[in-house]
Amino acid sequence: MKMLIAVIKPFKLDAVREALADIGVQGMTVTEVRGFGRQKGHTELYRGAEYTVDLLPKIKIEVALPSDQVEAAVEAILKAAKTGQIGDGKIFVYDLTQTVRIRTGESGIDAV
C-alpha cells in the first residue's frame, strides 16, 4: 500500500477530486494549508500599498491506495492540477505499512 499526498492550488480541488473518482479512488482527506516553494511567496498591491505574501493558500490531499493504483492516481492528479504556472504543487508517495478501519477492525488493503 502507498500513501499519496498532493499539494495543489485551491481552485483545482474539484478537478482533482473528479479525476481520482474516475479511476476508482473511493476516499481522501482534504486539508487547507499554507506554504511556499522556490518562489517564496509574492508581492501584491492593496490600496496603493505593496506587501509581501509569504505563505500562499494550498490544498493538501491525502489518499491511501493499493500499490497498483499509484501510477494512475499520479497521472490523474498531474492532468487535473496542472496550470503550467509557478505554484502548481507537488505529489509525494510514501510506503504505507499499516491501515486499520476503526469501525470494523479490518486491516491492510481491506481497510482502504
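**Strands, helices and salt bridges**

Visitor: Which residue stands opposite Thr-29 in E5?
Guide: Thr-29 has Glu-62 of E5 standing opposite. Helices (H or I, at least four residues) and strands (E, at least two) are DSSP runs, numbered from the N terminus, and two strands count as paired if DSSP finds at least two bridges between them.

Visitor: And what should I keep in mind about the source?
Guide: This is a predicted model, in which local features need pLDDT of at least 70 and side-chain atom pairs count only at pLDDT 80 or more, whereas totals for chains, interfaces and linings use all residues. Residues are numbered from 1 along each chain as its sequence is written, and side-chain values use heavy atoms, with hydrogens and water left out.

Visitor: Fine. How many bridges join E2 to E5?
Guide: Seven bridges join E2 to E5, which covers residues 56-65, and these strands run antiparallel.

Visitor: What is the strand order in the sheet?
Guide: The sheet is open and has four strands in the order E2-E5-E1-E6, paired in the antiparallel sense. Strand E2 (29-35) and strand E6 (89-95) are at the edges, each with a single partner strand, so one side of each has no neighbour in the sheet. On average, neighbouring strands are turned by 20° against each other, direction ignored.

Visitor: Where do the helices go?
Guide: Helix H1 (residues 13-22) packs on the sheet, where it touches strand E1 (2-8), E2 and E5, and its direction makes about 10° with that of E5. Helix H2 (residues 70-81) also packs on the sheet, touching E1, E5 and E6, with its direction at about 5° to that of E1. Contact here means heavy atoms within 4.5 Å, while axes are lines fitted to C-alpha atoms, for helices over the stretch in contact, and angles run from 0 to 180 degrees between N-to-C directions.

Visitor: Is Asp-95 buried or exposed?
Guide: Asp-95 is exposed, at a relative accessible area of 60%, whereas Lys-2 counts as partly exposed at 24%. The classes are buried under 20% relative accessible area, exposed over 50% and partly exposed in between, using a 1.4 Å probe and protein chains only.

Visitor: Which residue does Asp-88 meet in a salt bridge?
Guide: The side chain of Asp-88 meets that of Lys-9 at 3.8 Å, N to O. This pair links distant parts of the chain, 79 residues apart, with Asp-88 in the loop between H2 and E6 and Lys-9 in the loop between E1 and H1. Asp-88 and Lys-9 are buried.

Visitor: And what about Arg-17 and Asp-14?
Guide: Their side chains form a salt bridge at 3.0 Å, N to O. Arg-17 and Asp-14 are three residues apart in helix H1, and therefore separated by about one helical turn. Arg-17 is partly exposed at 41% relative accessible area, and Asp-14 is partly exposed at 42%.

Visitor: Which residues of H2 are buried?
Guide: Val-70, Ala-73, Val-74, Ala-76, Ile-77, Ala-80 and Ala-81 of H2 are buried. Seen down the axis of H2, these residues fall within an arc of 160°, so they line one face of the helix; the arc is that of the directions from the helix axis to the C-beta atoms. They pack against E1, H1, E5 and E6, while Glu-71 and Lys-79, on the other side of H2, are exposed.

Technical notes
Salt bridge = Lys/Arg side-chain N within 4 Å of Asp/Glu carboxyl O.
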